[in-house]
Amino acid sequence: MELSFNLSWIDYLIMLVYFGFVLGIGWTLKRYMKSSTDFLEAGRSIPAWITGLAFIATNLGALEVIGMAASGAKYGMATVHFYWVGAIPAMIFLAIFMMPFYYGSKARSVPEYLKLRFDEKTRGFNAFSFAVMTIFASGISMYALAMLMETLLGWDFNFSLLVSAVIVLVYVYLGGLTSAIYNEVLQFFLIVIGFAPLVILGLINIGGWEGLQESLVEVAVRNGYEGGAWSHSWKYMGSTGSNPMGVEWMGIIVGLGFVLSFGYWCTNFLVVQRAMAADSMAGARKIPLIGAGPKMFLPFLVIIPGMIAIALTTMPEAGFELPLKGNSYDYDKVIPVLLIHYFPTGMLGLGLTALMASFMSGMAGNVTAFNTVWTYDIYQSYINSNKSDKHYLRVAQLTTIFGVLVSIAAAYMARMFNNVMDFLQLIFAFINAPLFATFLLGMFWKRSTGHGAFFGLISGTLAASIHHGITAPAGAETLVKGGWMGTVVHTYPSEMAQNFWTAIYAFTAALVLTIIISLATRQKKSDEDMKGLVYSLTPRIREEGIVWYNRPVPLSILIGIMAIILSIIFW
């Protein structure tokens, strides 16, 4: 299927205005980048509402816009579990329990917190593994944007990759984390404005929610499932064979809702960095909750389009067709194809700009997180520790260039998957799942030791590698998707099912080994050393005299109730 069309001067003008704003923000903030703290931590001076929107916009990159739309088409309504089960509970936990440790300890990064709580080797292992993860995540965003330009504008993929990389490089190099955060706020509003009309037009065309459900019955039956498998979130989670995701409720609750979710939202410096840029402890704790509000309703913006796209494939009269990739649909092209199908001149430019904004948000978020971890936790700790602050500022700026270049290489690996969401969840299973086990024990069990944490992390990553190496998803055609050890002992119904269980095995191995080794080794940290780092040794934050809507616990209860109500409505 050939996807190409001609843009008018209005469409190009909209995109040029956006690029002008993006680069202008970086140029304006350049003069404020006087120290490494300004460049890498935004001086810890940004208001909560701005960092709250940036907190959610950082995650609203290729992972959500392309990945979630692709998953909406591939797995149906079950994809909402990534929000109401796989995000909201973890964001609440981060606000109530974990932000006091991160912000109060004055750690500049998640790896630095691990150094304070455990030891240097634990910090080093996490710093290097996190650096690898951010490079892959940034590469996925670059791949998605280059694919968009190739698909819709007819540009060469390699040239498109270079253009997207240069734009992000310029504004992050100029304005650091502050530039990234303010651009993320701009990008958040642009994404909402750009995609809301797509959802509305799609639903009107297909006959509203009822019309969509009716069309999805045919999709489900065509793929060998019961009629409602694409339009219900929990109803068909009783067994792996009854839903397109190939996951039962245990995999959803434990693999996604606990291990992957808490591992991502609570230990991933990419998102934690935004909260740590707040101007106060109260602001830092509110930021995940500010982000949780819009996060709950993003499925209607990014998942519904995927469901509309797959439903349209059952309607020949609609004139809609998804391109193929291998022996299945190329789900990553759901949004571009819908834009072509529904948006006229002018609207098309807005939609394309919203897509570009989402990809740049994801790229910039990963690059700024990589900058901080590389500069503070790798370069300053292991390569050159006795230089001036101006030296580290320069290193951070040069790291921006290096991070973007390596991300380009990762973008080519992302081309092997027909759903970038599958690829990203696999990376999280290897790195975030064992890390969450380490954090859980470190923050709530003072007996856990540095040796236990270090070897627990290694064992978790090793367990993920072994499980991935001896299993594969159905129809896998490349060793990148599993089975690379030569013998496949189990075949999962989908890549996502394999990812969830890889995460469960990684978390369990890290948890068990950390406990065993901690009990067998001596705790070198005193209670005084761990004050402010372990829950039982940290004074409780007093909230007397603060109105309820500014307190994390009442806000968390309200957000949790809303998430439960949404889950029941779309059961």
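A salt bridge is a side-chain nitrogen of Lys or Arg within 4 Å of a carboxyl oxygen of Asp or Glu. Please keep this definition in mind during the tour, and note that the structure on display is a predicted model. A search of the whole structure finds 7 salt bridges, and the tour begins with some of them.

**Stop 1: Glu 112 and Arg 123**

Select Glu 112 and Arg 123 and display their side chains, which meet in a salt bridge with an N to O distance of 3.7 Å. Glu 112 belongs to helix H8 (residues 110-117) and Arg 123 to helix H9 (residues 120-153), so the pair ties together parts that are 11 residues apart in sequence. Are these two residues buried or exposed? Both Glu 112 and Arg 123 are buried.

**Stop 2: Glu 120 and Lys 115**

Next, select Glu 120 and Lys 115. Their side chains also form a salt bridge, at 3.7 Å from N to O. Glu 120 has a relative accessibility of 28% and therefore counts as partly exposed. Lys 115 counts as partly exposed as well, because its relative accessibility is 35%. The limits that apply here are under 20% for buried and over 50% for exposed, with partly exposed in between.

Which residues are linked in a network of salt bridges? The network consists of Glu 112, Lys 115, Glu 120, Arg 123 and Asp 377.

**Stop 3: Lys 333 and Asp 330**

Move to Lys 333 and Asp 330, whose side chains meet in a salt bridge of 2.8 Å, N to O. Lys 333 and Asp 330 are both buried.

**Stop 4: H1 and H18**

Select helix H1 (residues 9-29) together with helix H18 (residues 347-383). They pack with their axes 7 Å apart, at an angle of about 30 degrees. That angle makes H1 roughly parallel to H18, because angles under 35 degrees are classed in this way. The crossing of H1 and H18 is right-handed.

Remain in helix H18 and pick out Phe 359, which is found there. Phe 359 counts as buried because its relative accessibility is 0%. Then select Ala 144 and draw a distance between the two C-alpha atoms. How many residues apart along the chain are Phe 359 and Ala 144? They are 215 residues apart along the chain, yet their C-alpha atoms are separated by 7.0 Å.

**Stop 5: H11 and H16**

Helix H11 (residues 208-222) and helix H16 (residues 304-312) form another packed pair, with an angle of about 60 degrees and axes 9 Å apart. H11 is therefore oblique to H16. Their crossing is left-handed.

From H11, proceed to Gly 238, in the loop between H11 and helix H12 (249-267). Gly 238 is exposed, because its relative accessible area is 60%. Now select Ile 541 as well: Gly 238 and Ile 541 are 303 residues apart in sequence, and in space 42 Å lie between their C-alpha atoms.

**Stop 6: a nonpolar surface patch**

Finally, switch to a surface view and select Phe 297, Ile 546, Val 547, Trp 548, Tyr 549, Leu 558 and Met 562. These residues form a nonpolar patch on the surface, and together they have about 640 Å² of accessible area. Where does Trp 548 lie? Trp 548 lies in the loop between helix H22 (495-520) and helix H23 (552-569). With a relative accessible area of 48%, Trp 548 is partly exposed.

Definitions and conventions:
Residues are numbered from 1 along each chain as its sequence is written. This is a predicted model: local features need pLDDT of at least 70, side-chain atom pairs count only at pLDDT 80 or more; totals for chains, interfaces and linings use all residues. Side-chain values use heavy atoms; hydrogens and water are left out. Helices (H or I, at least four residues) and strands (E, at least two) are DSSP runs, numbered from the N terminus. Buried means under 20% relative accessible area, exposed over 50%, partly exposed in between (1.4 Å probe, protein chains only). Patches are made of residues with over 30% relative accessible area and no salt bridge: like charges are joined within 9 Å, nonpolar side chains (Val, Leu, Ile, Met, Phe, Trp, Tyr) within 5 Å. Accessible areas come from the Shrake-Rupley method with a 1.4 Å probe; for residues, only the protein chains shown count as cover. Axes are lines fitted to C-alpha atoms, for helices over the stretch in contact, and angles run from 0 to 180 degrees between N-to-C directions. Angles under 35 degrees count as roughly parallel, over 145 as roughly antiparallel, 65 to 115 as roughly perpendicular and the rest as oblique. A crossing is left-handed if the near helix is turned anticlockwise from the far one by less than a right angle, and right-handed if clockwise.
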